[in-house]
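Dear colleague,

I am passing on the structure below, together with some notes on one of its interfaces. Please keep it open while you read.

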Amino acid sequence: MQLGKIIGTIWATRKYEAVTGYKMQFVQPINSEGKNIGEPIIALDTVGAGPGEIIYFVTASEAVIPLDVDMAPVDASIVGIVDSINIES
Amino acid sequence: MQLGKIIGTIWATRKYEAVTGYKMQFVQPINSEGKNIGEPIIALDTVGAGPGEIIYFVTASEAVIPLDVDMAPVDASIVGIVDSINIES
Amino acid sequence: MQLGKIIGTIWATRKYEAVTGYKMQFVQPINSEGKNIGEPIIALDTVGAGPGEIIYFVTASEAVIPLDVDMAPVDASIVGIVDSINIES
Amino acid sequence: MQLGKIIGTIWATRKYEAVTGYKMQFVQPINSEGKNIGEPIIALDTVGAGPGEIIYFVTASEAVIPLDVDMAPVDASIVGIVDSINIES
Amino acid sequence: MQLGKIIGTIWATRKYEAVTGYKMQFVQPINSEGKNIGEPIIALDTVGAGPGEIIYFVTASEAVIPLDVDMAPVDASIVGIVDSINIES
């Protein structure tokens, strides 16, 4: 899984209809100090995260598992909202 | 999923026949400001996107799901045409 | 599989509930000399590794296999604690 | 899928036997102008491509689909020979 | 698949037990001229390769296929020892 921050939302009316009721969030991957890593990706939100919140997301096949359908063309899902990160020194 | 822009089309007559009726689009991955990210990929178009349109695509196994066959050697599919992107400030 | 070092732990209360009893470790990928490679990832710990230990982890679908559930939205798992690395010269 | 050019062939006698009758081609990924992108990969050829030809290939699980076996340790397959690429201006 | 060179071995006693009888080799990915590409990975050896030998390996789900178990948390396997590479000029 990877850390990320919700930075926006994507809207689409012409799309493959398989998953409804989940927001498509725009997620900026970040490191443990909150610095951006690479480019944002689009992930389905399964936990109700809001703008600016720090989350973690799964990618690839596993992204379909938390959805309420058997199969969906989804390759990234937000699966948790981070409370704290403890870095050992 | 990732944002992309349709920049062209690929034609092939000698190919593995499993999927017909879908265009093979040449897609340039972009970020939320429309800047290019990395190199274009080839994706099957399941939503009828036209040249220049901003779309989002899925990769890996999930790319087969929106097609009307059970299995196909396809690892990227266009699954939505973007109406708007709201970036929080 | 990849080598990594446990550098911290992630806590989340609002999350997709499917896997319990495993710590979410923050893992820094390293090379055979212990130098950092890229950015840390979040992995489920199936072997009880402690902070600072050198481990190896699997990614993608295989990450679900060592867990005691059939399906879980998990894309990285720690599956071994490294005793030694022998580099041929 | 990605564009590539056949640049050579790999021979191996000691290997896991599961797939026979397919050449292992050495493929240089390229962009739409024919410039090299990254490093060559090894892909099974399911379409009979020759040296120098421009092809497209699939990666990951989908690479097994065009083969005449149910399972094979193959993660990249050539699935089409490119006739033309139309880039919109 | 990718070319690599066996550069060492990894030993672990505390690990998820699912696969026995295979060495965990440390593999440096290389290009066709033998130059290193990126960082070494850990792969299960299914063909009995020795130190310094040039091999090719598969990654992701396909890595489980050559093993004598149905499921294993393994994401990279050595599946062939390279005899020769013919690069077209």
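Which residue of S1(E) does C:Ile87 stand opposite? C:Ile87 faces E:Gly8, and the pairing around them is antiparallel, with four bridges joining S1(E) to strand S7 (residues 84–87) of chain C. Strands here are DSSP runs of E with at least two residues, numbered from the N terminus, and two strands pair if DSSP finds at least two bridges between them.

Please note that this is a predicted model, in which local features need pLDDT of at least 70 and side-chain atom pairs count only at pLDDT 80 or more, while totals for chains, interfaces and linings use all residues. Residues are numbered from 1 along each chain as its sequence is written, chains are lettered from A in the order in which they are written, and side-chain values use heavy atoms, leaving out hydrogens and water.

Taking contact as heavy atoms within 4.5 Å, the interface draws 27 residues from chain E and 28 residues from chain C. Together the two chains bury about 2,300 Å², with 58% of it on carbon and sulfur atoms; buried area is the accessible area (1.4 Å probe) lost when two parts are put together, summed over both.

One salt bridge is counted between chain E and chain C, where a side-chain nitrogen of Lys or Arg must lie within 4 Å of a carboxyl oxygen of Asp or Glu. It links the side chains of E:Arg14 and C:Glu53, at 3.5 Å from N to O. On the side of chain E that touches chain C, strands S1 (2–11), S2 (14–15), S3 (24–29) and S4 (41–45) each supply at least two residues, and S1(E) gives the most, with five residues.

Best wishes
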